[in-house]
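This report describes side-chain contacts and backbone features for a reader new to the structure. The sequence and the model are shown first.

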Amino acid sequence: MSEKPVTTYVVSVFVKPHWRTVITTKDKQAAFDMAKEIGDKVRVETITPKPK
C-alpha cells in the first residue's frame, strides 16, 4: 500500500529572540492567508515527508 505523503504548511512569526509557530495546516491557501493577515516578520515553511 503506497500512500502519498501529505504536505504540511507551518506559519511562524518572529517574536524576539525566536520564531513562534502560529498555525500548522495542510491547506496551502489557509497558510498564506494567515501569513498575509499577520503581516510583518512572517514565514511559511513547507514540510513534505519522504515516502517510505
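## Contacts and backbone features

With a relative accessibility of 34%, Glu45 counts as partly exposed. This value belongs to a predicted model. Glu45 takes part in a salt bridge with Arg43, in which the closest N and O atoms are 3.7 Å apart. The structure holds one such salt bridge. Side chains of opposite charge can pair when their charged atoms come close.

A search of the whole structure also finds one aromatic pair. The ring centres of Phe14 and Trp19 are 5.4 Å apart and the ring planes meet at 65°, so the pair is edge-to-face. An angle over 60 degrees counts as edge-to-face.

The relative accessible areas of residues discussed in this report are listed below.

| Residue | Relative accessible area | Class |
|---|---|---|
| Phe14 | 29% | partly exposed |
| Trp19 | 34% | partly exposed |
| Glu45 | 34% | partly exposed |
| Lys41 | 45% | partly exposed |

Two backbone features remain to be described. Most residues other than glycine have a negative phi, and most peptide bonds are trans. Lys16 and Pro17, however, are joined by a cis peptide bond with omega of about -5°. Pro17 lies in the loop between strand 1 (8-15) and strand 2 (18-25). Lys41, a residue other than glycine, has a positive phi near 60°. Lys41 is placed in the loop between helix 1 (28-38) and strand 3 (42-47).

Terms used:
Residues are numbered from 1 along each chain as its sequence is written. This is a predicted model: local features need pLDDT of at least 70, side-chain atom pairs count only at pLDDT 80 or more; totals for chains, interfaces and linings use all residues. Side-chain values use heavy atoms; hydrogens and water are left out. Rings of Phe, Tyr and Trp (its six-membered ring) pair if their centres lie within 6.5 Å; planes under 30 degrees apart count as stacked, over 60 as edge-to-face and the rest as tilted. Buried means under 20% relative accessible area, exposed over 50%, partly exposed in between (1.4 Å probe, protein chains only). A salt bridge is a side-chain nitrogen of Lys or Arg within 4 Å of a carboxyl oxygen of Asp or Glu. Helices (H or I, at least four residues) and strands (E, at least two) are DSSP runs, numbered from the N terminus.
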